[in-house]
Amino acid sequence: MKLIYSPTSPYARKTRIVSRLQSLDNQITEVAMCPFNDKDTLSKTNPLGKLPALVISDNQVLYDSNVICDYLDEIGSQPSLWPHHEIRGTESNQFWKVRTLVEMANGIMDAAFALVMEKKRSDNEQSASWIQNYTNGIMRATVAANTEVDFFVNKTRMDNIALGCALGYLDFRLSELDWRKDNEKLAEWYMEFASQQVMLVTAPPQA
Ligand SMILES: N[C@@H](CCC(=O)N[C@@H](CS)C(=O)NCC(=O)O)C(=O)O
């Protein structure tokens, strides 16, 4: 299999973490591309021109990151990174809560990526209201994640993998947002989570 990724993409990082946790990394060749400079090549694999994309055979490609993570989780040899089927739909609704937290993390990535792109535009093209809207969304979501730490602490699960990637991206591209401020519990959790080998080897390059 071939995984098209970028070392700076938080979406791709999720898939690279899942491939390692599912002991599939030795079956996957990682090919780095830039979603902008390599748009033509990337678009031949994913018509949306986005990464990550996973080529699983001569005529099948998987995207987006959620699909790739689920696929790798299913074919991998390690325990699933999702709560087990038998506890789906129990009183705690654990499965649905984990899925919602994953989407919270994906939403942080979406807003952060859009914000980074917006800030790259020339001053007279930038929209102050969109910048504020993306920033507010990110800040509200990190505050919400801070209240959920007890739920995902000490787990190796899709929700905290996705949150770890989202927070890593904030540190990498938007450190000025200072998401740790008023989110002490989340910051403490992240410090430990980010020190795991799988997080270290998939971390974005130093700016
Ligand atoms: N929902 C997609 C988002 C992927 C995405 O936006 N990737 C960025 C790189 S971090 C990209 O390729 N952007 C190129 C573009 O928007 O043209 C996923 O989860 O895979």
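Pro52 sits in the loop between helix H2 (39-45) and strand E3 (53-57); here helices are DSSP runs of H or I with at least four residues, strands are DSSP runs of E with at least two, and both are numbered from the N terminus. The peptide bond that joins Leu51 to Pro52 is cis, with omega at about 15°. This is a predicted model, in which local features need pLDDT of at least 70, side-chain atom pairs count only at pLDDT 80 or more, and totals for chains, interfaces and linings use all residues. Residues are numbered from 1 along each chain as its sequence is written, and side-chain values use heavy atoms, with hydrogens and water left out.

Another cis peptide bond turns up from Tyr63 to Asp64, this one with omega near 10°. Asp64 belongs to the loop between strand E4 (60-62) and helix H3 (65-75).

Next come the phi angles. Ser23 isn't a glycine, yet its phi is positive, near 55°. Its place is the loop between helix H1 (10-21) and strand E2 (29-32). With a relative accessible area of 34%, Ser23 counts as partly exposed (buried means under 20% relative accessible area, exposed over 50%, and partly exposed in between, using a 1.4 Å probe and protein chains only).

Asn154, also not a glycine, has a positive phi near 60°. This residue is part of the loop between helix H6 (149-152) and helix H7 (158-173). Asn154 has a relative accessible area of 71%, so it falls in the exposed class.
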